[in-house]
Amino acid sequence: MIDLLITDTVISGDERRMDVGISSGKIAFVTPCGERKTEASRVVQGKGGLLLPGLVEPHIHLEKAYLLDSMDREAESLQDAIQITSKLKSSFTKEDMYRRSLVVIREAIRNGVTHMRCHAEVDPVLGLRAVESALRLKQSLKHQLDLQVVAFPQEGVFKSPGTAGLMEEAIRMGADVIGGITYQDADLREHLDFAFALAGKYGKPLDFHADFSVDSNDRAVVEIARRTIAAGLQGHVAAGHVTSLGSLPAHEALAIGELLCLAGISVITLPMTDLFLNGREGPEGHHRGLTPVKLLQDCGVNVAIGVNNVRNPFTPFGKTDPIEVAWLLAITSYMGGKRDALILTNMLTHNAAQALGIEN
Ligand SMILES: [Zn+2]
């Protein structure tokens with residue numbers, strides 16, 4: 001007798017109809033449909049539907065979701081979105097952040113997400129309230145969702161004095177990951193020195209918002225990759241956006257892709273925000289502002305997809321549905337083939353789990 005039997009289902013990458021038995025929360029067997037006769041406490045008819053692992057949302061902002069009603073104007077660029085949100089932050093209360101975050105997490109769970117990494121902002125205005133809110137959610141929802149909390153210095157570490165100390169305090173409070181941002185502090189090297197030193201001191205993984213532009217001169221990921229290799233942190237560093245790479249000539253992008261592969265850096269593409277904010281200047285259709293997903297995968301880089309923002313100045317759309325974001329990426333990155341469907345489902349599950357260091 002097993003706990004759960006899912007009959008007549010298709011497993012990603014395999015066209016055969018299969019039965020899947022589950023006992024004590026683990027997969028006990030996978031056999032061709034109808035081949036094995038088993039008693040089960042509960043039977044779910046798969047009806048030929050696709051059976052996926054739980055979706056992994058690798059990059060999301062909880063406390064700044066659902067801000068559309070509070071905005072007095074719409075954002076016209078990335079810096080504009082940062083400024084509008086920065087102004088709104090002073091009115092965020094702990095309860096308000098918790099409430100809006102919970103709406104996002106409930107939507108995500110309804111849409112199949114079982115693991116999530118959120119970037120909780122740390123700065124002198126919010127202090128540690130966003131981190132506290134995220135850690136409270138992590139604890140209260142642990143039976144439904146595994147939540148990783150990134151201490152994220154959205155306003156810059158040195159541009160916003162006082163942030164460095166708060167970042168360290170966030171890690172001591174229980175934040176799981178050290179966040180960084182390559183486009184806020186004036187001195188990139190100083191910013192990376194700080195982030196890598198903190199990672200070394202506390203033995204934590206790193207997750208950067210990196211190269212979020214269509215300017216081919218923005219190549220912070222090269223420096224991040226070099227430092228990752230020097231510090232022996234291969235497999236423990238992720239980079240979100242990396243959109244400037246999409247503006248480089250292919251041979252230059254390939255060289256960087258190979259370096260990222262060597263450094264074991266996961267790249268997380270965030271199509272909703274990237275397509276909404278990037279490439280607004282210059283001739284229409286010049287740059288759409290996405291990281292070159294196929295090129296990176298050809299280099300062997302682990303690439304995942306994230307929701308990033310829900311209904312705020314950075315992305316005034318969305319319902320925390322990773323499959324919807326994969327659909328958007330399929331269209332904008334020309335991923336419409338049968339093999340691409342498998343690649344996209346892997347990006348939402350296995351690749352994102354790898355980016356987050358989730359085992360088993
Ligand atoms: Zn982000």
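Reader: How are the donor residues of the zinc ion spaced in sequence?
Author: In this predicted model, the spacing of the donor residues along the sequence reads H-x1-H-x147-H-x98-N.

Reader: And which atoms are the protein donors?
Author: The zinc ion is held in the model by NE2 of His59, NE2 of His61, NE2 of His209 and OD1 of Asn308, and these protein donors lie 2.1 to 2.3 Å from the ion.

Reader: Why is the arrangement irregular?
Author: The arrangement counts as irregular because the angles that the 4 donor atoms subtend around the zinc ion run from 79 to 171°, whereas a tetrahedral site would need all angles between 85 and 135 degrees.

Reader: Are His59 and His61 buried or exposed?
Author: Both His59 and His61 are buried.

Reader: Which strand is joined to β6, and do the two run parallel or antiparallel?
Author: The partner is strand β7, residues 113–121, which runs parallel to β6 and is joined to it by 4 bridges; within this pairing, Glu57 stands opposite Met116 of β7.

Reader: Changing topic, how much space lies in the largest pocket?
Author: The largest pocket holds about 840 Å³ of space, and of the 24 residues that line it, the closest to its centre are Ile27, Leu52, Pro53, Gly54 and Asn360.

Reader: Which elements give two or more residues to that lining?
Author: Those elements are β1 (2–11), β2 (17–23), β3 (26–32), β7 and α12 (350–355).

Reader: And what is the lining like by class?
Author: By class, the lining of the largest pocket consists of 12 nonpolar, 10 polar and 2 charged residues.

Notes. Residues are numbered from 1 along each chain as its sequence is written. This is a predicted model: local features need pLDDT of at least 70, side-chain atom pairs count only at pLDDT 80 or more; totals for chains, interfaces and linings use all residues. Side-chain values use heavy atoms; hydrogens and water are left out. Donors are N, O and S atoms within 2.8 Å of the metal (3.2 Å for Na, K and Ca); water is not among the atoms, so sites may look incomplete. Four donors count as tetrahedral if all angles lie between 85 and 135 degrees; four count as square planar and six as octahedral if opposite donors are over 155 degrees apart and all others between 65 and 115; anything else is irregular. Buried means under 20% relative accessible area, exposed over 50%, partly exposed in between (1.4 Å probe, protein chains only). Two strands pair if DSSP finds at least two bridges between them. On a 1 Å grid over the protein atoms alone, a cavity is a set of points where a 1.4 Å probe fits but cannot get out, and a pocket is an open set with protein on both sides within 12 Å along at least five of seven lines; lining residues have an atom within 4 Å of a point. Grid points are joined across faces, edges and corners, and a volume is the space filled by probe spheres set on the points. Ala, Val, Leu, Ile, Met, Phe, Trp, Tyr, Cys and Pro count as nonpolar, Asp, Glu, Lys and Arg as charged, and the others, Gly among them, as polar.
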